[in-house]
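Visitor: I would like to learn how to read helices, pockets and cavities in a protein model. Could you take me through them slowly?

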Amino acid sequence: MSRDSCDYSHDILLVLLLLQDNNSRGWVLISPSTTLRRVNGLHPKSEDPYLLLLVKLYRFLARRTEAKFNAVILRRLFLSKTNRAPVSLSKIVTETQNVTDRPSKIIVQVGTVTDDVRLLEIPKLTVAALRFTQSAKERILNAGGEVLTLDQLALRAPTGSNTILLRGKRTSREANKHFGMGPHKHKKPYTISKGRKFENARGRRASRGFKV
């Protein structure tokens, strides 16, 4: 038995209202007859206005261009801060040392670019990132390079041509060294102190707390 046209119009109106109301909260409606499904990663949890404007910009570029580069940038903008790991200048130099014509390339990092005092000399680089530390920015500029924001990158390379996309290692945080603690796991223990009596052959000799 067929449904009336008014029933279909009611469903269409329901779809439009749900998409309008819940688009900002990450809800997706599969069809008028199904329930709502929660989809994570459709927008950043941060309320930083600059970040939200970048999401709008790269959402537009990912939709209107066929370049996968913009979709990757948009996906990384959705990530939390712990998943947007920083990249140091020494890492940038190491990863791009075999790239031909490096000064003409734009190195892109959706996250923070940090300084590394162990790196004595920096070549001329053009780096686009979400943010720079003050010392990293100064060293890039003093070497004759250029620092770009991601909106400036969209104007210069809207399809990601002539760019090198990098990202930091997510498991380099101090907290990751403690994850999975257990027997024979060789993980870093949480200790009260690093003195003579703490987690240093404790229980094996009298000078380390006690001896069994």
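Guide: We shall take the helices in turn, and then the pocket and the cavity.

Guide: This is a predicted model, in which local features need pLDDT of at least 70 and side-chain atom pairs count only at pLDDT 80 or more, while totals for chains, interfaces and linings use all residues. Residues are numbered from 1 along each chain as its sequence is written, and side-chain values use heavy atoms, with hydrogens and water left out.

Visitor: How do I read a helix, and which residues of α2 are buried?

Guide: An α-helix has 3.6 residues a turn, so residues three or four places apart point the same way. Helices here are DSSP runs (H or I, at least four residues) and strands are runs of E (at least two), numbered from the N terminus. Buried means under 20% relative accessible area and exposed means over 50%, with partly exposed in between, using a 1.4 Å probe and protein chains only. In α2, the buried residues are Leu51, Leu54, Val55, Tyr58 and Leu61. Seen down the axis of α2, these fall within an arc of 135°, so they line one face of the helix; the arc is that of the directions from the helix axis to the C-beta atoms. On the other side of α2, the exposed residues are Pro49, Leu53, Lys56, Arg63 and Arg64.

Visitor: How far apart are the end C-alpha atoms of α2?

Guide: The expected span of a helix is 1.5 Å times one less than its number of residues. For the 16 residues of α2 that should be 22 Å, and the end C-alpha atoms are 23 Å apart, which agrees.

Visitor: What about α3, and where does Asn70 sit?

Guide: Asn70 belongs to helix α3, residues 68-77, and is buried, with a relative accessible area of 0%. Contact means heavy atoms within 4.5 Å, and, leaving aside neighbours within four places in sequence, Asn70 is in contact with Tyr58, Leu61, Ala62, Thr65, Pro158 and Thr159. The buried residues of α3 are Phe69, Asn70, Ile73, Leu74, Arg76 and Leu77. Seen down the axis of α3, they fall within an arc of 165°, so they line one face of the helix. Among the elements that cover them are α2, β4, β5, α6 and β7.

Visitor: Which residues of α5 are buried?

Guide: In α5, residues 134-142, Ala136, Arg139 and Ile140 are buried. Their arc, seen down the axis of α5, is within 100°, so they line one face of the helix. The face turned away from that buried side carries the exposed residues Gln134 and Asn142. The cover over the buried residues of α5 includes α4, β4, β5 and β6.

Visitor: How should I read a pocket or a cavity?

Guide: On a 1 Å grid over the protein atoms alone, a cavity is a set of points where a 1.4 Å probe fits but cannot get out, whereas a pocket is an open set with protein on both sides within 12 Å along at least five of seven lines; lining residues have an atom within 4 Å of a point. Grid points are joined across faces, edges and corners, and a volume is the space filled by probe spheres set on the points. The largest pocket has a volume of about 500 Å³. Of its 23 lining residues, the closest to its centre are Lys81, Arg84, Ala85, Pro86 and Thr112. The largest share of that lining, three residues, comes from β4.

Visitor: How many cavities of 30 Å³ or more are there?

Guide: The count comes to one cavity, and about 90 Å³ of space lies in the largest cavity. The residues lining the largest cavity include Arg76, Leu79, Arg84 and Ala85.
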